[in-house]
Amino acid sequence: MKLVSAKEMLDAAVRGHYAVGHFNLNNMESVRAFLLAAEEMRSPIILGVSGGTAKYMGGYRTISHMVQDFMDFLKITVPVALHVDHGKYNEALDAIENGFSSVMFDGSSYPIEENIAKTKEIVKLAHAKGISVEAEVGGIGGEEDGRISRGECADPNECRMIADLGIDFLAAGIGNIHGKYPADWEGLHFDLLGEIKEKIGDLPLVLHGGSCIPADQIRKAISLGVSKINVNTECQIAFTEATRKYFEDGKDKESKGFTPRAVLAPGLEATKAMCIKKMELFGSVGKA
């Protein structure tokens, strides 16, 4: 199985009223965990790579080769898209030339005219290679690669302007944030989500910051047109907690327990379990 564009899987999610999970890669263990979860659950999956992760893991070319090689080694048969998450313009271009099957250009920090111009160029270059494109309107709050923002809700009319450029799916700020949600978080703005959906029709919508959003809000968002949900924080926490417990239980003192493979194995399993939990919530199980 080769990497695929995310367009077909998300168009199917729109028709089937479920969402496909986008899970951020952080290390080699996360690659294996997510692929194994997708194959076991017969679920399509989108593997996301932030700019920080690209630098940590050796660049877009290294990551695309690693993911494809793991898919071949593990005999993965479900659809897998490898996607740039919140890519800057040059990052999107880099990934387009180095094996990614999907890219996000995040132009939400630019004036709408510049966002439109840059998104239009990315769409042209990506579609020429069969690569799907995600764009963003309205900033997503929280922390992303060391940058902290409060975020802002998307303007439905601007969403329509970006949608008309021929993008394949759209991220729109509706009160969602990256990272852990504060105790006083107001929740998702469903009225705004409905207005945006009216403007963009059947174009798949993306919910960033999918970690820690209550399940009832996730289900309602899907019912209103969200077809891609990004998860990172909860998988990172699951990995860290499992690794911490390994040391607290003194497993590193047993036999060959000090080897990196042994130390990281519980984190891999915890990441896989969290991924499966989210796939079940999103309704993508059995949809491959």
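## Basis

The model is predicted: local features need pLDDT of at least 70, side-chain atom pairs count only at pLDDT 80 or more, and totals for chains, interfaces and linings use all residues. Residues are numbered from 1 along each chain as its sequence is written, and side-chain values use heavy atoms, with hydrogens and water left out.

Helices (H or I, at least four residues) and strands (E, at least two) are DSSP runs, numbered from the N terminus. Buried means under 20% relative accessible area, exposed over 50%, and partly exposed in between (1.4 Å probe, protein chains only).

Ser211 sits in the loop between β9 (205–207) and α9 (215–223). Its relative accessibility is 3%, so Ser211 counts as buried. The side chain of Ser211 makes polar contacts (pairs of N or O atoms within 3.5 Å; within protein, one must be able to donate a hydrogen and the other to accept it, and residues adjacent in sequence count only if both atoms are side-chain atoms). One reaches the backbone nitrogen of Asn232 at 3.4 Å. Another involves the backbone nitrogen of Glu234, at 3.1 Å.

Contact means heavy atoms within 4.5 Å. Not counting residues up to four places away in sequence, Ser211 touches Gly179, Tyr181, Asn230, Val231, Asn232, Thr233 and Glu234. Gly179 belongs to the loop between β8 (169–172) and α8 (190–200). Gly179 is partly exposed, at 22% relative accessible area. Its contacts, leaving aside neighbours within four places in sequence, are Ser211 and Thr233. Gly179 and Ser109 are 70 residues apart in sequence and 19 Å apart in space, C-alpha to C-alpha.

## The buried face of α5

Which residues of helix α5 (residues 89–96) are buried? They are Glu91, Ala92, Ala95 and Ile96. Seen down the axis of α5, these buried residues fall within an arc of 140°, so they line one face of the helix. The arc is that of the directions from the helix axis to the C-beta atoms. The cover over the buried residues of α5 includes α3 (51–56), α4 (60–74), β3 (80–84), β4 (102–105) and α6 (112–127).

## Aromatic pairs and charges over rings

The whole structure holds 5 aromatic pairs. Rings of Phe, Tyr and Trp (its six-membered ring) pair if their centres lie within 6.5 Å; planes under 30 degrees apart count as stacked, over 60 as edge-to-face and the rest as tilted. Tyr89 and Phe105 have ring centres 6.0 Å apart and planes at 85°, so the pair is edge-to-face. Tyr89 lies in helix α5 and Phe105 in strand β4, so the pair ties together parts that are 16 residues apart in sequence. Phe105 and Tyr110 have ring centres 6.4 Å apart and planes at 25°, so this pair is stacked.

Phe105 is buried, at 0% relative accessible area. Tyr89 is partly exposed at 22%, and Tyr110 is partly exposed at 31%. A charge sits over a ring if NZ of Lys or CZ of Arg is within 6 Å of the ring centre and within 35 degrees of the ring normal. Lys118 lies over the face of Tyr110, at 5.0 Å from the ring centre. Lys287 lies over the face of Tyr18, at 5.0 Å from the ring centre.

## Cysteines

The structure holds 0 disulfides (pairs of cysteine sulfur atoms within 2.5 Å). For Cys212, the closest cysteine sulfur is in Cys235, 10 Å away and too far for a bond. Cys212 is partly exposed at 34% relative accessibility.

For Cys275, the closest cysteine sulfur is also in Cys235, at 6.1 Å, too far for a bond. Cys275 is buried, at 0% relative accessibility.
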